[in-house]
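User: I would like to go through the labels used for this model. Please set each value against its cut-off.

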Amino acid sequence: MNKKFSFKTKAVKVGSYSSAMILIAIVVVILINLLLSYVPIKYTHFDTSDSGMNSISEQTGKIVSSLNDEISVYYLVEEKNEQQTIFELVQKYTDLNSNIKFQVVDPEDAPRFYSKYSDTAITDCLIVESSKRFKVINYEDIFVQTIQNNSSFYYFDGEAALTNAIDYVTNDN
């Protein structure tokens, strides 16, 4: 019994076709994922919370959209401590106004970056800067702690903190 293996059999052809289709499907999914990563966050993230806590308020939208000043927002944080919530918040602001620029600064890569903004080393904060002035937003101003009935709770107040800082650095007063 001398049987030769042939690549021309039906099983090999069907298997090759199936493998090729799976490979094409994987490539298509990867390409769609890459393309969607460039779509502004307002089109890809939906706020399903009752309170709208993951959306920017109408008032903030008006303030940010009407800005004419160039504003830089620096997220001074070590790579291992980055908060996705802060990235998404600032992305919403940059989507509303192209005058707002965002940059992550790792203190390990730029150990003296803070010196323009503080006499002591700072980290885990946002720094909002315009040509007029700057404002440092500490982590505690973004994730606010409250104590009720001997229990500690944290809530996200990043929108208020960032909008107030933008208002401060762009105001002439």
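Analyst: Here are the labels, one at a time. This is a predicted model, where local features need pLDDT of at least 70, side-chain atom pairs count only at pLDDT 80 or more, and totals for chains, interfaces and linings use all residues. Residues are numbered from 1 along each chain as its sequence is written, and side-chain values use heavy atoms, with hydrogens and water left out.

User: Why is T94 called buried?

Analyst: Buried means under 20% relative accessible area, exposed over 50%, partly exposed in between (1.4 Å probe, protein chains only). T94 has 19%, so T94 is buried.

User: What does T94 touch, leaving out residues up to four places away in sequence?

Analyst: T94 touches I100 and F102 on that count. Contact means heavy atoms within 4.5 Å. T94 itself is found in helix α4 (residues 84–96). Helices (H or I, at least four residues) and strands (E, at least two) are DSSP runs, numbered from the N terminus.

User: Why is I30 called partly exposed?

Analyst: I30 has 47% relative accessibility, so I30 counts as partly exposed. I30 sits in helix α1 (residues 10–36).

User: What makes K62 and E58 a salt bridge?

Analyst: A salt bridge is a side-chain nitrogen of Lys or Arg within 4 Å of a carboxyl oxygen of Asp or Glu. The closest N and O atoms of K62 and E58 are 3.5 Å apart, and the pair forms a salt bridge. K62 and E58 are 4 residues apart in helix α3 (residues 58–65), so about one helical turn separates them. K62, at 56% relative accessibility, counts as exposed. E58 counts as exposed too, at 64%.

User: Which parts does the salt bridge between E129 and K116 tie together?

Analyst: In this salt bridge the closest N and O atoms are 2.8 Å apart. E129 lies in strand β3 (residues 125–129) and K116 in the loop between β2 (100–105) and β3, so the pair ties together parts 13 residues apart in sequence. E129 is buried at 12% relative accessibility, whereas K116 is exposed at 54%.

User: Where do D172 and K132 lie?

Analyst: D172 and K132 form a salt bridge at 2.8 Å, N to O. D172 is in the segment after α6, K132 in the loop between β3 and β4 (134–138), and the two are 40 residues apart. Salt bridges with shared partners join D69, K132 and D172 into one network.

User: How do you know that α6 has close to its expected span?

Analyst: The expected span is 1.5 Å times one less than the number of residues. Helix α6 (residues 158–170) has 13 residues and reaches 18 Å from its first C-alpha to its last, close to the 18 Å expected.
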